[in-house]
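Dear colleague,

Please find the structure below.

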Amino acid sequence: PKPSSAASDVYKRQEVDYDDEEFVNFTHRKFHDNCAEREAYGEGLYSYEEYLEKNRNFLLEAFKHKRK
């Protein structure tokens, strides 16, 4: 099954088409890394949608840099 379309919902507001599978997979990997890091520091975890919303600029820049 295709991953959640939450990534595309958040990033369409940026007028960037990141509905492709590569971007969705990238954001899911980053989300799981963030969960592990927050858990290690005893911090509360975000939902995937919250993570996308709070880290929009970081994710966009990191994905663009990865593709260079």
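The buried residues of helix 2 include F23, V24, F26, T27, H28, F31, N34, C35 and R38. Here, buried means under 20% relative accessible area, exposed means over 50%, and partly exposed lies in between, with a 1.4 Å probe and protein chains only. Helices (H or I, at least four residues) and strands (E, at least two) are DSSP runs, numbered from the N terminus.

Please note that this is a predicted model, in which local features need pLDDT of at least 70 and side-chain atom pairs count only at pLDDT 80 or more, while totals for chains, interfaces and linings use all residues. Residues are numbered from 1 along each chain as its sequence is written, and side-chain values use heavy atoms, with hydrogens and water left out.

Helix 2 has 20 residues and spans 29 Å from its first C-alpha to its last, close to the expected 28 Å; the expected span is 1.5 Å times one less than the number of residues. After the helix comes G42, with a positive phi near 70°.

The structure holds four aromatic pairs. Rings of Phe, Tyr and Trp (its six-membered ring) pair if their centres lie within 6.5 Å; planes under 30 degrees apart count as stacked, over 60 as edge-to-face and the rest as tilted. One of the pairs joins F23 and F63 edge-to-face, at 4.8 Å centre to centre and 80° between the planes. This pair links distant parts of the chain, since F23 is in helix 2 (residues 21-40) and F63 in helix 4 (residues 56-67), 40 residues apart. F63 has 0% relative accessibility and counts as buried. Ring pairs also link F23, F26 and F63 into a cluster.

Another pair, F31 and Y51, is tilted, at 5.7 Å and 55°. F31 lies in helix 2 and Y51 in helix 3 (residues 48-54), so the pair ties together parts 20 residues apart in sequence.

R38 takes part in two contacts. Its charged end sits over the ring of Y46, 4.1 Å from the ring centre; the rule asks for NZ of Lys or CZ of Arg within 6 Å of the centre and within 35 degrees of the ring normal. R38 also forms a salt bridge with E43, with the closest N and O atoms 3.2 Å apart. A salt bridge is a side-chain nitrogen of Lys or Arg within 4 Å of a carboxyl oxygen of Asp or Glu, and the count comes to three.
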